[in-house]
Each structure stands twice: as C-alpha cells, then as structure tokens.
Amino acid sequence: MKKSSNNQKRTSKSISHKSPSSKSSSSEVLTSHSKPKLPNKLILRIENIVATIDIHILLDLTLLTQKFKDIEPKDNFPGVITRFSKPKATLLIFSSGKIVVTGVRLESHLPIILEKTLKKLRKAGLVFNEEPEFHIENMVGRADFGTKINLDLSSISLESAIYEPEVFPGLIYKVSKPTKICFLIFSSGKVICTGANNLTDIQNSLKQLARYLKTHELLGENSQDHDIEAPIEDNLLDL
C-alpha cells in the first residue's frame, strides 16, 4: 500500500511539473499564429519637387554665364545650370525662357525660389512684360509602412500591377484616381510615389493603398528597418 501511495505522489508531481511547460507551449503557438500588429500611422517624406517657370522671354545664355559666375554651361546640355543653397534647389535654364526647378524638398520653399530666380534675372537687365507662369510638375514621395509587404500576392491582387523581380526588385502599381500616380512598392514596406503635383493627392492615394493592403491582408511581419519618428519636414498620416 505504501508503494502505491508513493507512485501516486510521483505521478502527481510529474503532472504538476509538466503543466507549466504545456501552458507556455500553447501560448507560443498563439503568438506565432497571431496577426502582426500593423502601424496606425504612415510616415511620408517628400524627396523631390519638380516645378517649371516660364518667363515668356528669350534668354541669351552666354550673357547669363558671363554675368553670373554661379551660372554654368554643361557639355551636351542645351541649357545652363545654377544652384541655390538656401533653400536648396537646382535650376535648369533654357534659351526659350523655360526654367526647370528640381531638388526642392518643401513646397513652402517654392515661392522663395521663384522670387530669387526673378531677382537674379532682373540683375541681368531683364524686364518682364508678362507675369511669369509657375507650375508644380511632379512630387516624389517616400513612405514607410513599417511592415513587410507580400509582393507576390500583391501582384495578383492589385489590378494592372507589374512585378518582375528578376528585372526590378519592386512592384510597379499605377493608379488613376484621385489622380495619376505611380507607386514603386518594395517588400521591406518602403513605397516610392511619383506623378502627383500636390501633397494632398499623394496623401489620399497612399491612404487608399494602405486600406487596400490591410483589407486584403497583404501586409506581413513587422519590419525592423523603419522610421520611428517623423522630422518636421515629414508628414505623419493617420491610417
């Protein structure tokens, strides 16, 4: 009788000893199969703004290069180039009176660049008979979803998407509403968007893309390589 009672004690001890491990293993299973926590905010950074200025005057490019040391010709290029440091911008000036502005990061800097450009040309003796035209042609933005994106499934789910990983590592996705924008989507969660001429269209298109990816469960495990804080010039979008 004593032996059987000892056996019962050993059995009960072994059961009580195993129960915590079985509990932890079940929690591990739940963790591994649970859906990853998706970000509620999306960091958007404007990388480049391209704008055009038309002053409606034919320009003597040779005269400009003689007048200003910071206006330089380039080999095999039909125009001349000058740069501003504050705010940063590169200007491509053509004899037709067209000027391409590139390298701008903030839309609020564009009026300053326009005024500096006109002031410089006035110093060269130019008189503007017509009001110069100024347009934003393209804005290039970079967003980070902070989580992996399944490009194989996305290429099937997203209409008109192009994904050829042996040629280009990202997925190319073009939308026409609310405006024509082209997305370059990478598996890391990084997205490049181009084609819009205002910030609002980029924001709306990114939100639309984010909702689609979430709804169709195309977002995977959280990526370790993502922005944590958004600098002042960035835009933090609620998803």
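## The cavity and its lining

Two elements, β4 (88-93) and α3 (110-123), each supply at least two residues of the lining of the largest cavity. Helices here are DSSP runs of H or I with at least four residues, strands are runs of E with at least two, and both are numbered from the N terminus. The element that gives the most to this lining is α3, with 3 residues. A cavity is a set of points, on a 1 Å grid over the protein atoms alone, where a 1.4 Å probe fits but cannot get out, and lining residues have an atom within 4 Å of a point. This is a predicted model, in which local features need pLDDT of at least 70 and side-chain atom pairs count only at pLDDT 80 or more, while totals for chains, interfaces and linings use all residues. Residues are numbered from 1 along each chain as its sequence is written, and side-chain values use heavy atoms, with hydrogens and water left out.

How many cavities of 30 Å³ or more does a search of the whole structure find? The search finds 1, and the largest cavity holds about 40 Å³ of space. That volume is the space filled by probe spheres set on the grid points, which are joined across faces, edges and corners.

## Lysines over rings

Lysine 116 lies over the face of phenylalanine 84, at 4.7 Å from the ring centre. The charged end of lysine 120 sits over the ring of phenylalanine 68, with 4.7 Å to its centre. A charge sits over a ring if NZ of Lys or CZ of Arg is within 6 Å of the ring centre and within 35 degrees of the ring normal.

## Aromatic pairs

The structure holds 3 aromatic pairs. One is formed by tyrosine 173 and phenylalanine 183: the ring centres are 6.4 Å apart and the planes stand at 20°, so the pair is stacked. Tyrosine 173 belongs to strand β8 (residues 171-175) and phenylalanine 183 to strand β9 (residues 181-185), so this pair ties together parts that are 10 residues apart in sequence. Rings of Phe, Tyr and Trp (its six-membered ring) pair if their centres lie within 6.5 Å; planes under 30 degrees apart count as stacked, over 60 as edge-to-face and the rest as tilted.

Are tyrosine 173 and phenylalanine 183 buried or exposed? Both are buried. Buried means under 20% relative accessible area, exposed means over 50%, and partly exposed is in between (1.4 Å probe, protein chains only).

## The chain as a whole

The protein chain comes to 5 helices and 12 strands. Of its 239 residues, 35% count as buried. Among contacts between residues at least 6 apart in sequence, 66% join residues at least 24 apart. A contact means heavy atoms within 4.5 Å.

Serine 154, in helix α4 (residues 151-157), counts as buried at 2% relative accessibility. Not counting residues up to four places away in sequence, serine 154 touches Ile149, Ala161, Leu171, Leu213 and Leu218. Histidine 216, in the loop between α5 (199-215) and β11 (219-222), is partly exposed with a relative accessible area of 39%. Its C-alpha is 9.9 Å from that of leucine 158, although the two are 58 residues apart in sequence.

## Prolines and backbone angles

Proline 73, in strand β2 (residues 72-73), counts as exposed at 56% relative accessibility. Leaving aside neighbours within four places in sequence, proline 73 is in contact with Thr65, Gly79 and Val80. Proline 87 is found in the loop between β3 (80-85) and β4, and the peptide bond from lysine 86 to proline 87 is cis, with omega near -10°.

Two residues with positive phi are also worth a look. Histidine 56 has a phi of about 60° although it is not a glycine; this residue is found in the loop between β1 (41-54) and α2 (61-67) and is partly exposed, with a relative accessible area of 30%. Asparagine 76 has a positive phi near 60°, again in a residue other than glycine. Asparagine 76 lies in the loop between β2 and β3 and is exposed, with a relative accessible area of 85%.

Conventions:
On a 1 Å grid over the protein atoms alone, a cavity is a set of points where a 1.4 Å probe fits but cannot get out, and a pocket is an open set with protein on both sides within 12 Å along at least five of seven lines; lining residues have an atom within 4 Å of a point.
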